[in-house]
Structure formats: structure tokens, C-alpha cells
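Dear colleague,

Please find below the structure that I am handing over to you, together with its sequence.

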Amino acid sequence: MSQEINSDKEEDMLPEYDFAHGVRGKHHEAYKAGTNVVFLEPDVAKIFTNSASVNRVLRLLVELAKESARTE
């Protein structure tokens, strides 16, 4: 996934952005504890619509890989 960079626009915040009630560092501890963001391609995202379905299939693949390694 690529994002277009538009150098013609200014980098300033637009007036409609309101951070008056924002809290600096609100999610800092959660990110510091560790996150793992994975971006799915659109065709895959149609099949795996939530984290639980992705995790279920990945765990199955891990078990299959372990079984395959034991038989070799």
C-alpha cells in the first residue's frame, strides 16, 4: 500500500482538526508494552475480517508446521 505525497499542500493542521480535549501520551503505555500491526492485502482482508480469525488460522499453521517438522 503506497500513499501519495502531495508536496503542493502545506503541512499545517487544518482548522477543522480539534485536539482541544486530546490527552498527550494516552496510549503510550500500551504501545510501549508492545504492539504488532500487520496490514492485510484487500483480498485477504475480505476473508479474515477480524483479529480472532487471523490468529486462529495462524495458530493452525504453526501446529501443522510443528507436526511436519516432527515427521521429517
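Please bear in mind throughout that the model is predicted.

Together with L58, L60, L61 and L64, V57 makes a nonpolar surface patch of about 430 Å².

Helix α3 itself covers residues 51–71. With 21 residues at 1.5 Å a residue, helix α3 should span 30 Å, and its end C-alpha atoms are 31 Å apart, so the model agrees with the expectation. At the N-terminal end, α3 is capped by N50, which places a side-chain oxygen 3.2 Å from the backbone nitrogen of A52.

As for the whole protein, there are 3 helices and 0 strands, and the order from the N terminus is α-α-α. Buried residues account for 1% of the 72 residues. The protein exposes about 7700 Å², of which carbon and sulfur atoms supply 55%.

Finally, a word on confidence. The mean pLDDT of the protein is 85, and 85% of the residues reach 70 or more. Confidence is highest in helix α2 (residues 42–47), at a mean of 95, and lowest in helix α1 (residues 28–33), at 83. Where pLDDT is low, the predicted coordinates should not be read in detail.

With kind regards

How values were computed
Residues are numbered from 1 along each chain as its sequence is written. This is a predicted model: local features need pLDDT of at least 70, side-chain atom pairs count only at pLDDT 80 or more; totals for chains, interfaces and linings use all residues. Side-chain values use heavy atoms; hydrogens and water are left out. Helices (H or I, at least four residues) and strands (E, at least two) are DSSP runs, numbered from the N terminus. The expected span of a helix is 1.5 Å times one less than its number of residues. A polar contact is a pair of N or O atoms within 3.5 Å; within protein, one must be able to donate a hydrogen and the other to accept it, and residues adjacent in sequence count only if both atoms are side-chain atoms. Buried means under 20% relative accessible area, exposed over 50%, partly exposed in between (1.4 Å probe, protein chains only). Accessible areas come from the Shrake-Rupley method with a 1.4 Å probe; for residues, only the protein chains shown count as cover. pLDDT is the predictor's confidence in each residue, from 0 to 100. Patches are made of residues with over 30% relative accessible area and no salt bridge: like charges are joined within 9 Å, nonpolar side chains (Val, Leu, Ile, Met, Phe, Trp, Tyr) within 5 Å. A salt bridge is a side-chain nitrogen of Lys or Arg within 4 Å of a carboxyl oxygen of Asp or Glu.
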